[in-house]
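Try each task on your own before you read its solution.

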Amino acid sequence: MTFAAVEPAVLSRMATRYLGDHAGREFVEHRDLDGTVLVMLDMVKVRSFGPTE
């Protein structure tokens with residue numbers, strides 16, 4: 001697990017990806033980044049489950 005300060009460019013990319021262009025820009029413009037931390041998880045093992053019959 002890695003912790004890092006959030007940069008506005010990274011937050012903008014994430015916000016527009018998940019919220020869309022307009023809502024993502026609004027989210028970033030009205031967000032105070034003081035004390036905000038980005039947590040990145042290192043993927044060691046991924047398990048996937050699909051529908052069962």
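**Exercise 1.** Work out whether phenylalanine 49 is buried or exposed.

Solution. Start with the number: phenylalanine 49 has a relative accessible area of 72%. Now take the classes: buried is under 20%, exposed is over 50%, and partly exposed is in between (1.4 Å probe, protein chains only). Phenylalanine 49 is therefore exposed. As for its place, phenylalanine 49 sits in the segment after strand 2. Strands here are DSSP runs of E with at least two residues, helices are runs of H or I with at least four, and both are numbered from the N terminus.

A word on the ground rules: this is a predicted model, where local features need pLDDT of at least 70 and side-chain atom pairs count only at pLDDT 80 or more, while totals for chains, interfaces and linings use all residues. Residues are numbered from 1 along each chain as its sequence is written, and side-chain values use heavy atoms, leaving out hydrogens and water.

**Exercise 2.** Find how far phenylalanine 49 is from phenylalanine 27, then classify phenylalanine 27.

Solution. Along the chain the two are 22 residues apart, and their C-alpha atoms are separated by 33 Å. Phenylalanine 27 belongs to helix 2. Its relative accessibility is 30%, so phenylalanine 27 counts as partly exposed. Next, take arginine 13: it is 14 residues from phenylalanine 27 in sequence and 11 Å away in space, C-alpha to C-alpha.

**Exercise 3.** Describe how helix 1 and helix 2 are arranged.

Solution. First, the ranges: helix 1 covers residues 8-19 and helix 2 covers residues 21-29. Their axes come within 7 Å and cross at roughly 140°. Axes are lines fitted to C-alpha atoms, for helices over the stretch in contact, with angles from 0 to 180 degrees between N-to-C directions. Under 35 degrees counts as roughly parallel, over 145 as roughly antiparallel, 65 to 115 as roughly perpendicular, and the rest as oblique. So helix 1 and helix 2 are oblique to each other.
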